[in-house]
Amino acid sequence: MAKVVSQDVGAFSQHYPKIAAIVTAHSGGRDNAMAVAWHTSIAFNPPLYGISISPHRFTYQLIVDSKEFGVNFLPLDAAELIASVGGSKGQEGDKFQRFNIARDKPVKTAVPILKTAYAAYECKLVDDRSYGDHRWLVGEIVAVHWLKDAFTPEEILDLDKIHPTLYLGKEIYATTSRDTARTLDRKVYGKR
Ligand SMILES: Cc1cc2nc3c(=O)[nH]c(=O)nc-3n(C[C@H](O)[C@H](O)[C@H](O)COP(=O)(O)O)c2cc1C
């Protein structure tokens, strides 16, 4: 297989699979949800999580107003919901009603937590910066919700029970499989 090298990076800048998630927000009596693929853990202490959101998203306005957001991780069988909230605008109506989205109660914020999420974070906004055409929002995680049965006693996602949703780009969703999981101890491998 031949590799291609190009300085036209815009044409090929989203090549690796990402975890698809749903960011939720609440402000002024409105709940909203949007799909995200650009997000990551940033720090353990304090526990910080970052999301990259266009300022044109209705969700962005709610987050700026309330200084809170939720990040919800869903299994592949909820991928239609991710595509639904990622393909509709909160300005045009209540997505929770329209897509019949069930929710759990938040404990430290007012953001909706999705019932179908196997894990979810409630975050308080601590930073909001502009990077190109997106905003980088950093939240301190103030509460975590997770489906206990979906994780092993070591708190590793149990791939026999949950198929996490990956987004490959171009509206394609996929998952990982249990038989590909390998334990490679970095202390052993770093010394080889
Ligand atoms: C799989 C997927 C991933 C997405 N990732 C992001 C993202 O990381 N950041 C972003 O700003 N928009 C992203 N979007 C687009 C928003 O979800 C979409 O514009 C949504 O309609 C915004 O809703 P809102 O206007 O109600 O906030 C993604 C869409 C999909 C389908």
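These are my notebook entries on a predicted model.

**Entry 1: the seven-stranded sheet**

I began with strand order. Seven strands form an open sheet, and the order reads β3-β2-β6-β9-β10-β5-β4. The pairing is antiparallel. I then looked at the edges. β3 (30-36) and β4 (39-43) stand there, each with a single partner strand, so one side of each has no neighbour in the sheet.

**Entry 2: strand β5 and its partners**

Next I went to β5, residues 48-53. Which strands does β5 pair with, and over how many bridges? With β10 (residues 134-146), β5 pairs in the antiparallel sense over six bridges. With β4, the pairing is also antiparallel, over four bridges. β4 and β5 make a hairpin, and four residues lie between them.

I noted the bridge partners residue by residue. Ile51 has Leu137 of β10 as its bridge partner. Leu48 has Glu140, again in β10.

Is β5 enclosed or open? Six of its six residues are buried, so the strand is largely enclosed by the rest of the structure. I checked the faces separately. Leu48, Gly50 and Ser52 are buried on one side. Tyr49, Ile51 and Ile53 are buried on the other. Both faces of β5 are therefore covered.

**Entry 3: the helices on the sheet**

I turned to helix α1, residues 58-66. Helix α1 lies across β2 (21-27), β3, β5, β6 (68-73), β9 (119-131) and β10. Its direction runs at about 50 degrees to β2. Helix α2 (residues 79-86) also packs on the sheet, where it touches β2 and β3. The direction of α2 makes about 110 degrees with that of β3.

Which residues of α1 are buried? I found Phe58, Thr59, Tyr60, Leu62 and Ile63. These buried residues pack against β2, β3, β5, β6, β9 and β10. Just after α1, I noted a backbone detail: Lys67 takes a positive phi of about 60 degrees.

Pro55 is in the loop between β5 and α1. Its relative accessible area is 29%, so I logged Pro55 as partly exposed. What does Pro55 touch, leaving out residues up to four places away in sequence? My list is Tyr60, Gln61, Asp133, His134 and Arg135. I also looked up the distance to Pro17, which is 38 residues apart from Pro55 along the chain. The C-alpha atoms of the two prolines are separated by 24 Å.

**Entry 4: aromatic rings**

I searched the whole structure for aromatic pairs and found five. One of the pairs is Tyr49 with Phe73. Their rings are edge-to-face, 6.3 Å centre to centre, with 80 degrees between the planes. Why does this pair link separate parts of the chain? Tyr49 lies in strand β5 and Phe73 in strand β6, so the pair ties together parts that are 24 residues apart in sequence. Tyr49 and Phe73 are both buried.

Phe73 also pairs with Tyr121. This pair is edge-to-face too, at 5.5 Å centre to centre and 70 degrees between the planes. Phe73 lies in strand β6 and Tyr121 in strand β9, so here the parts tied together are 48 residues apart in sequence. Ring pairs thus link Tyr49, Phe73 and Tyr121 into a cluster.

I checked the burial of Phe73 by number. Its relative accessibility is 10%. The cut-off for buried is under 20%, so Phe73 counts as buried.

**Entry 5: the three-stranded sheet**

Last, I looked at the other open sheet. Three strands form it in the order β1-β11-β12, with antiparallel pairing. β1 (18-19) and β12 (172-174) stand at its edges with a single partner strand each, so one side of each lacks a neighbour in the sheet. β1 pairs with β11 (residues 166-169) over two bridges. In that pairing, Ile19 stands opposite Leu166 of β11.

Lys18 lies over the face of Tyr16, at 4.8 Å from the ring centre.

Technical notes
Residues are numbered from 1 along each chain as its sequence is written. This is a predicted model: local features need pLDDT of at least 70, side-chain atom pairs count only at pLDDT 80 or more; totals for chains, interfaces and linings use all residues. Side-chain values use heavy atoms; hydrogens and water are left out. Two strands pair if DSSP finds at least two bridges between them. Contact means heavy atoms within 4.5 Å. Axes are lines fitted to C-alpha atoms, for helices over the stretch in contact, and angles run from 0 to 180 degrees between N-to-C directions. Buried means under 20% relative accessible area, exposed over 50%, partly exposed in between (1.4 Å probe, protein chains only). Rings of Phe, Tyr and Trp (its six-membered ring) pair if their centres lie within 6.5 Å; planes under 30 degrees apart count as stacked, over 60 as edge-to-face and the rest as tilted. A charge sits over a ring if NZ of Lys or CZ of Arg is within 6 Å of the ring centre and within 35 degrees of the ring normal.
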